[in-house]
Amino acid sequence: MLTTTSSDLPATAGRWDIYGPVHKGLRRGHCALLQRLATTDFTRDTTALIADLRMHLMLGETHLADEERFIHTALERHSPGAACDLERDHAHHRARFTEIEAAIDALEAAADPRLADERGRTLHLLFSRFVAEDLVHMAEEEESVWPRLCALFSDVELAEIEAEIVGSLPPEIAMGFMQLMVPATNAAERAALLGGMKANAPAEAYAAVYELAARPSLTPDQLADLEALGLAA
Ligand SMILES: [Fe+2]
């Protein structure tokens, strides 16, 4: 019989997960938009899809910049050169964002429905390439970089880095990330995310997150779990 003891647990078990919830949120957003791009009739009005796609790209760009400014800077201080590969991937993502933004502009400029259909197909495929690349990149960060961060920093220090990131976000971007993360995380992660915010943010800011990020996207059971934990707004 195979027995498992606590010595079998990886060193990251139970540690402050600086990548997990935000990456789960980005994956959820990537998949939702990929599905919408796949099922859209580009000969019809695509205003809402394009607005949501542009917002998602802005969140993606913000995420890259925040990782570089806060996480990579901390990593490089202890381990010079450790962020080189990560920043090469980030440069590649930025080039992909530029291509996707150009494809969106081209779609918007297409007056002929057949041209719009063709440009929508191009946009879908470009976005699918970005999603594939980012899924690999985020997994590498969680599998390889997070263990290094856990070895270099205490949970308190990792939480401080995360708090610096959150504190640097404009309110509409912070709300965008909460809308991605709240439905994307598991019950324990969601309770920690909302519990931390409820303890530290003004009551009206927490109420706005509950109304805009939790209530519209969670099931009645998930909302009841939050209520039982005292996390309803
Ligand atoms: Fe990254």
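The protein chain exposes about 12,500 Å², and carbon and sulfur atoms supply 57% of that area, where accessible areas come from the Shrake-Rupley method with a 1.4 Å probe and, for residues, only the protein chains shown count as cover. Please keep in mind that this is a predicted model, in which local features need pLDDT of at least 70 and side-chain atom pairs count only at pLDDT 80 or more, while totals for chains, interfaces and linings use all residues. Residues are numbered from 1 along each chain as its sequence is written, and side-chain values use heavy atoms, with hydrogens and water left out.

Of the 233 residues of the protein chain, 39% count as buried, and by buried I mean under 20% relative accessible area, with exposed being over 50% and partly exposed lying in between, for a 1.4 Å probe and protein chains only. Along its principal axes, the C-alpha trace spans about 60 × 45 × 45 Å.

Turning to secondary structure, the protein chain has nine helices and zero strands; helices (H or I, at least four residues) and strands (E, at least two) are DSSP runs, numbered from the N terminus.

Now let us look at one pair of helices. The axes of α1, residues 20-39, and α2, residues 47-78, come within 11 Å and cross at roughly 150°, where axes are lines fitted to C-alpha atoms, for helices over the stretch in contact, and angles run from 0 to 180 degrees between N-to-C directions. That makes α1 roughly antiparallel to α2, since angles over 145 degrees count as roughly antiparallel, under 35 as roughly parallel, 65 to 115 as roughly perpendicular, and the rest as oblique.

Which residues of α1 meet α2? Among them are Val22, Leu26 and Leu33 in α1, and the residues in α2 include Leu49, Leu53 and His63, with contact meaning heavy atoms within 4.5 Å.
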